[in-house]
Amino acid sequence: MLNTLLEAFSLLSRLDSQVVAIVWLSFKVALATVTLATLIGLPFGALVAVASFPGRGAVTVFLNAMMGLPSVVVGVIVYLILSRSGPFGDMGLLYSPTAMVMAQTVLVVPLIAALTRQIVEDAWRTYATEFRSMHFSLRHSVAALLYDCRYSLVVAVLAGAGRSLSEVGAVMIVGGNIEGYTRVMTTAIALETAKGDLPLSLALGMVLLTLVLLLNTGAYHLRLWAMRKYG
Amino acid sequence: MFPIQLSNIRFTPDGRTVLTGVDLDIDAEGITVIIGPNGAGKTVLLRIMAGLQTPHDGAINWNGDDNPATGIAMVFQHPVLLRSSVFHNAGLGLKPFGLSRAEAKRRTLQTLERVGLAHRAEDSARLLSGGERQRLALARAWAMRPQLLLLDEPTAALDPSATDVVEGIVREIRTDGTRIVMTTHNLGQAMRISDDIVFLANGRVIERAPTSRFFARPQSNEAKLFIQGELPWRISFDN
């Protein structure tokens with residue numbers, strides 16, 4: 001146990017090229033996923049919070065339910081879409097980082113959208129009359145609410161980043177865990193643990209935990225700063 | 001001039017009468033103050049005039065239109081300010097106008113100067129004092145250059161000094177050519193600031209008169225009692 005731990009620290013301290021490559025790919029996939037999911041999820045969640053339309057309740061329930069979407073199910077669906085016989089098979093995206101980003105975006109969008117809807121809906125109750133008195137359109141209201149809730153929405157984006165970084169099922173299915181190409185931290189940990197290479201698993205696990213902790217610490221301090229500055 | 005005509009307005013949520021048989025023409029320049037006891041329907045009447053509440057019966061005509069126009073602005077008793085700078089909040093009402101960035105900035109800064117908040121433009125709006133928040137809300141409405149400005153008890157939570165500043169701004173907005181309708185509980189303020197008074201009680205317009213005449217010779221018994229500080233409404237409620 002101690003030897004495993006020491007070897008894991010050694011891999012990290014000498015910046016082992018395999019570890020660095022895996023961490024770097026994980027970071028790129030997570031960043032692309034969160035960027036895409038934020039661009040889709042924030043406005044969509046805010047729109048559901050503010051707009052009145054038939055079936056709004058059903059959309060809200062659906063969004064909330066999709067937060068718990070099993071990642072392997074998403075993996076299989078995206079696999080079918082991108083496989084040779086699927087509608088986008090000709091694009092040759094299966095077993096590529098792009099496929100991993102696509103699958104993770106499907107997983108993360110409902111999470112960000114559902115949390116955004118909740119945060120923005122609470123704010124909307126406070127602002128609705130004031131915005132109507134200023135003759136705001138739906139677009140103006142959504143933009144103003146997203147801006148006003150920006151520090152709370154960091155939590156939604158962060159939850160998306162956490163899900164993306166820790167997700168294993170979908171990226172395993174559509175990425176294939178190909179060494180040096182689609183192997184990310186979670187798939188590498190699963191594989192190396194099965195192979196008995198515990199030092200590498202442990203080293204990657206430590207990086208993963210540190211990343212998640214750093215993200216949350218940053219968000220915590222951002223909120224503190226915002227509360228002091230804006231009340 | 002921004003005429004509004006309210007004809008036979010009735011507002012009865014859940015069968016409870018808040019307003020009934022209200023006829024009101026707002027067609028002259030100046031400041032009209034709506035006074036009356038708590039629960040008389042002042043705020044609801046103002047919201048109906050702003051188009052924020054739909055009456056259950058009756059008709060409203062905004063400058064010849066059935067829908068409220070962008071020429072109306074409203075300031076609430078407790079204005080809601082975004083978590084942002086004073087400058088950003090002051091210019092918020094200009095978003096639907098589609099002004100150029102430069103024009104919106106110029107108009108916002110000009111209005112902030114007129115309410116005495118230009119030096120705080122970069123500060124956080126939510127950290128302002130009560131009086132400053134109300135001045136900012138007035139600036140936000142004034143920047144929209146409304147033809148009609150509706151003020152719902154804008155000084156209810158302010159001390160006399162802050163009230164005096166707000167009253168000065170309201171007068172200046174009026175001098176700018178904006179028609180003002182406001183509600184207040186403060187009879188002294190109504191006397192100081194208004195050109196005419198609408199006295200509302202139990203959801204009805206009991207009396208409307210020029211300010212000096214209303215306070216010197218109120219026509220109705222209810223208005224007389226209200227000015228004297230007596231509360232027949234509470235007595236009837238208790239009974």
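Predicted model: local features only at pLDDT ≥ 70, side-chain atom pairs only at ≥ 80, totals over all residues.
A nonpolar core is a set of buried Ala, Val, Leu, Ile, Met, Phe, Trp, Tyr and Cys residues joined through C-beta atoms within 7 Å. "Buried" here means that 20 or more other C-beta atoms lie within 10 Å of a residue's own, with 12 or fewer counting as exposed, anything in between as partly exposed, and C-beta atoms placed from the backbone. Residues are numbered from 1 along each chain as its sequence is written, and chains are lettered from A and ligands numbered from 1 in the order in which they are written.

The largest nonpolar core has 133 residues, and those with the most contacts inside it are A103(A), I112(A), V174(A) and L150(B). Helix α5(A) gives the most to this core, namely 19 residues. As for A103(A), once its neighbours within four places in sequence are set aside, its contacts (C-beta atoms, placed from the backbone, within 7 Å) are V74(A), G75(A), V78(A), A170(A), V171(A) and V174(A).

Chain A has ten helices and zero strands, where helices (H or I, at least four residues) and strands (E, at least two) are DSSP runs, numbered from the N terminus. Its C-alpha atoms fill a box of roughly 65 × 50 × 25 Å along the principal axes. Of its 231 residues, 40% count as buried. Among contacts in chain A with a separation of 6 or more, 79% come from residues 24 or more positions apart. Helix α6(A), residues 138-148, has S141(A), V142(A), A144(A), L145(A) and D148(A) as its buried residues, and these pack against α2 (17-50) and α5 (97-133) of chain A.

Now for chain B, starting with strand β7(B), residues 179-183. Five of its five residues are buried, so this strand is largely enclosed by the rest of the structure. R179(B), V181(B) and T183(B) cover one side, I180(B) and M182(B) the other. Strand β7(B) pairs (at least two DSSP bridges between two strands) with β3(B), residues 31-35, in parallel through four bridges; here V33(B) has M182(B) as its bridge partner. Five bridges join β7(B) to β6(B), residues 148-152, again in parallel, and L148(B) is partnered with R179(B). From β6(B) the chain crosses through helix α5(B), residues 160-175, to β7(B) in a right-handed β-α-β crossover, right-handed meaning that, with the strands pointing away from the viewer, the path from the first strand over the helix to the second runs clockwise.

Chain B also holds an open sheet of three strands in the order β2-β1-β4, with antiparallel pairing. Strands β2 (19-26) and β4 (57-62) of chain B stand at the edges with a single partner strand each, so one side of each has no neighbour in the sheet. The twist averages 15 degrees from one strand to the next. Strand β1(B), residues 4-11, is joined to β4(B) by five bridges, and S7(B) stands opposite A59(B). Helix α1(B), residues 42-50, packs on the sheet, touching β1, β2 and β4 of chain B, and its direction makes about 125 degrees with that of β1(B); axes are lines fitted to C-alpha atoms, for helices over the stretch in contact, and angles run from 0 to 180 degrees between N-to-C directions.

Finally, where the chains meet, 17 residues of chain B are in contact with 17 residues of chain A. The chain B side divides into ten nonpolar, four polar and three charged residues, with Ala, Val, Leu, Ile, Met, Phe, Trp, Tyr, Cys and Pro counted as nonpolar, Asp, Glu, Lys and Arg as charged, and the others, Gly among them, as polar.

Methods. Contact = placed C-beta atoms within 7 Å.
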